[in-house]
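Q: I am new to this structure. Please take a close look at a single part of it and describe what surrounds that part.

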Amino acid sequence: MHRRRSLSFPRRFRRTHRERAEAVRHGRREPAFRARRGLTTERRGSDPNSANGAACMAHLLLLEVPGGNDFALLEDAVAAGHDVTFVTADLAHYRSQGEATLAALAQAREVIEVAPFTYPQLEQAALALHARRAVDAILCLIDIRLVEASLLAEKLDLRFLNPATTRLMRDKVSVRQTLARKGIRQPKFALAESADQVHAAVLQIGFPVLVKPADGYGSQNVNVVESKEELERLLELLDGLTAHPIDYGLGVQANNRYSVEQYIRGSMIGCDVFSNTQERVLLGINDKLMFPPPSFAIRGSCFPSARYDTTAIKDYAFQILDAVNFDFGAAHIEMIVADDGPYLVEVNPRLVSAQIPYQMGYALQRSINLDLIDLHLGASLAELRDIQPRAFSAIRWMTAARAGTLSSIDLPQRTGDEICRVVLFKKPGDLVKPPLSNGDRIGYVIATGATQLLAEQAADRYVHDTDVAIL
């Protein structure tokens with residue numbers, strides 16, 4: 001069944017964006033693309049024409065958000081004058097995140113819970129919503145709901161990636177098999193559906209290898225295996241996962257299919273591409289910095305990057321998207337750039353998350369979230385086609401040096417205009433540990449500079465000067 005929720009929040013939940021994210025900002029005010037506003041149950045009266053040239057108010061259906069608390073897309077939509085209906089399989093999951101998430105939910109025009117979550121139940125709820133007020137676009141940034149979002153968009157005749165490609169891209173092995181048939185260059189790979197098959201695939205490909213769930217996301221449960229000893233430890237872990245699959249949350253479990261891939265040494269980059277039926281536009285290259293093995297978490301990145309052949313990267317990214325028939329929407333593509341060129345790590349049928357749209361926004365001086373909304377509302381990509389960055393924007397993540405309980409975080413008291421944004425996701429009393437995956441990170445800083453080096457140095461200096469105390 002589905003339940004409509006009319007959420008009314010006490011005044012203590014009406015907070016600024018800074019309070020919502022438990023954020024501390026230093027230096028200059030946020031740029032014009034990110035207007036500050038109070039969070040209440042009423043729709044904001046921001047001029048839609050003041051942000052990225054948006055033309056009119058629309059009714060948007062947002063299906064879940066990453067991490068249970070990343071409501072930046074909803075907030076940017078409301079600030080631009082749009083109405084947003086938020087749909088979830090588990091409202092309690094969001095309510096448990098605390099006051100900040102409740103305040104973000106309060107901005108939604110309506111909150112609909114579909115429980116138990118099945119596509120027929122989702123469609124029934126969406127059609128009832130559509131009858132009350134027509135839905136103009138469907139948005140989804142969470143991997144485990146993309147297939148349902150594509151089916152619903154097709155039902156309502158709305159712009160979205162086609163369902164066949166969406167299903168394909170939710171399985172990393174299926175993507176690689178498709179690319180192999182199309183002759184697209186990529187690392188060696190194999191499908192494994194048991195620990196024994198993983199063992200056989202590793203012996204076939206040879207060390208080092210990357211082993212990850214075929215339906216995984218967010219750098220969860222990704223393993224680099226460089227020796228027989230590391231392989232034996234991984235096989236023991238996989239034996240346990242066969243009986244107890246990984247829980248992705250919101251009622252979704254892993255399918256126990258694994259992609260075993262040749263591990264290519266080189267530099268990690270990310271590329272975000274917008275596509276419509278006429279063209280594709282590469283927004284830029286994000287130069288990523290990883291934590292040392294065995295971690296597969298990202299330590300930071302810089303957007304854009306001046307260190308790579310943009311034309312070669314763009315051509316390779318577009319070849320990948322053409323091969324999987326990616327006909328609409330945002331795609332996030334990760335690559336390793338080796339001495340002999342780029343190799344695909346994975347391609348995701350959604351906009352990048354993990355705060356990177358903020359980082360890109362500081363460089364481009366616009367809201368990437370609003371660009372995504374405009375794309376789904378049918379806007380041309382002409383404005384993005386020739387966009388030039390105004391600065392380099394670097395993000396660096398704060399982490400725990402050891403496992404324990406977070407005692408305090410002391411941020412630098414003196415900063416310059418180069419520090420644009422600081423956000424903390426952990427608070428004193430929370431359990432923390434060194435970063436094995438992205439979810440282990442404590443917070444981040446975004447800094448800008450006239451060059452990539454200056455931006456990276458400013459962000460690195462801020463993290464170095466931050467004191468993280470652990471009990």
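A: Strand E8 (223–225) and helix H10 (228–243) each give at least two residues to the lining of the second largest pocket. The model is a predicted one, in which local features need pLDDT of at least 70 and side-chain atom pairs count only at pLDDT 80 or more, while totals for chains, interfaces and linings use all residues. Residues are numbered from 1 along each chain as its sequence is written, and side-chain values use heavy atoms, with hydrogens and water left out. Helices (H or I, at least four residues) and strands (E, at least two) are DSSP runs numbered from the N terminus.

The pocket holds about 490 Å³ of space. Of its 19 lining residues, Val 222, Asn 223, Val 224, Pro 294 and Leu 436 are the closest to its centre. H10 gives the most to this lining, with four residues. A pocket here is an open set of points on a 1 Å grid over the protein atoms alone, with protein on both sides within 12 Å along at least five of seven lines; a cavity is a set of points where a 1.4 Å probe fits but cannot get out, and lining residues have an atom within 4 Å of a point. Grid points are joined across faces, edges and corners, and a volume is the space filled by probe spheres set on the points. By class, the pocket lining has nine nonpolar, five polar and five charged residues. Ala, Val, Leu, Ile, Met, Phe, Trp, Tyr, Cys and Pro count as nonpolar, Asp, Glu, Lys and Arg as charged, and the others, Gly among them, as polar.

The part for the close look is strand E15 (residues 329–338). 10 of its 10 residues are buried, so E15 is largely enclosed by the rest of the structure. Buried means under 20% relative accessible area, exposed over 50%, and partly exposed in between (1.4 Å probe, protein chains only).

E15 has a partner strand on each side in an open sheet of eight strands, ordered E16-E15-E12-E13-E14-E17-E21-E19, with antiparallel pairing. Two strands pair if DSSP finds at least two bridges between them. Strands of a sheet pair through backbone hydrogen bonds, either parallel or antiparallel. On one side, nine bridges join E15 to the antiparallel strand E12 (residues 267–275), and Ser 275 has Gly 329 of E15 as its bridge partner. On the other, seven bridges join E15 to strand E16 (residues 341–348), again antiparallel. There His 332 is bridged to Asn 348 of E16, and a hairpin of two residues leads from E15 to E16.

E16 is an edge strand of the sheet, as is strand E19 (419–424), since each pairs on one side only. From one strand to the next, the twist averages 25°. At the E19 end, five bridges join E19 to strand E21 (residues 443–449), which run antiparallel; in this pair Val 422 stands opposite Val 445 of E21.

Helices lie across the sheet. Helix H11 (residues 310–323) lies across E12, strand E13 (280–290), E15 and E16, at about 110° to E13. Helix H15 (residues 452–464) lies across E13, strand E14 (298–303), strand E17 (392–398), E19 and E21, at about 25° to E17. Axes are lines fitted to C-alpha atoms, for helices over the stretch in contact (heavy atoms within 4.5 Å), and angles run from 0 to 180 degrees between N-to-C directions.

Of the 15 residues lining the largest cavity, Cys 140, Phe 160, Ala 330, Pro 349 and His 376 are the closest to its centre. The elements giving two or more residues to this lining are E15 and helix H13 (368–376). By class, the lining has 12 nonpolar, two polar and one charged residues.
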